[in-house]
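Morning, everyone. Please look at the model on the screen while I talk.

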Amino acid sequence: MTLPFFVYGTLRPGEYNHDRFLLGRTVEEVPARLPGALLYEGPGYPYAVPGEGEIAGDLLTAAPGAYGALLSVLDRLEEYVGPGHPLNLYERAEREVVRVGDGAAVRAWVYFAAPGTPLGPLIGGGDWVTRTAPPAPGARRTP
């Protein structure tokens, strides 16, 4: 199924993995919110988990002809092997997100922390970009 991607950490525009993994692979990047989720610190990147909250992020639409390559790059970056796989760092799931500009609900892929992943402190307000803690040195990942 071809869906846009909701990113909430180092892949957001202006963050350190955006250009490295997304430059030239998207045609649209718009602010969005993920209801029903909480954001936690990880080792230099955040983890989303289902919960009573909302996460700020961006909704990315793949460029024409780039969807398969983008999906593959993001699955590798997020260490997603397949549904429920014991080596997953993240689980990719289809969820409804809300575009900030027009309030439209859109189905999108979201990478959630895999079960058993150790979580850091809760990020108050659910926004990786405006949090007070800096990313860990050498950090390289997140959706």
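First, a definition: rings of Phe, Tyr and Trp (its six-membered ring) pair if their centres lie within 6.5 Å, and planes under 30 degrees apart count as stacked, over 60 as edge-to-face and the rest as tilted. By that rule, this structure holds five aromatic pairs. One of them is Y45 with Y47: edge-to-face, 5.6 Å from centre to centre, with 75 degrees between the planes.

A quick word on what you see. This is a predicted model, where local features need pLDDT of at least 70, side-chain atom pairs count only at pLDDT 80 or more, and totals for chains, interfaces and linings use all residues. Residues are numbered from 1 along each chain as its sequence is written, and side-chain values use heavy atoms, leaving out hydrogens and water.

Back to the tyrosines. Are Y45 and Y47 buried or exposed? Buried means under 20% relative accessible area, exposed over 50%, partly exposed in between (1.4 Å probe, protein chains only). Y45 has 10% relative accessibility, so Y45 counts as buried. Y47 has 3%, so Y47 is buried too.

Next pair: Y80 and Y111. Their ring centres are 6.5 Å apart and their planes meet at 75 degrees, so this pair is edge-to-face. Y80 sits in the loop between α2 and β4, Y111 in strand β5, so the pair ties together parts that are 31 residues apart in sequence. Helices (H or I, at least four residues) and strands (E, at least two) are DSSP runs, numbered from the N terminus. Both Y80 and Y111 are buried.

Now strand β5, residues 105-113. Seven of its nine residues are buried, so the strand is largely enclosed by the rest of the structure. Strand β4, residues 90-99, runs antiparallel to β5, and nine bridges join them. Two strands pair if DSSP finds at least two bridges between them. One example: Y90 has A113 as its bridge partner in β5.

Last stop, D75, in helix α2, residues 67-77. Which residues does D75 touch, not counting those up to four places away in sequence? Y80, R92 and Y111; contact means heavy atoms within 4.5 Å. Side chain to side chain, D75 makes a polar contact of 3.0 Å with R92 and one of 2.6 Å with Y111. A polar contact is a pair of N or O atoms within 3.5 Å; within protein, one must be able to donate a hydrogen and the other to accept it, and residues adjacent in sequence count only if both atoms are side-chain atoms.
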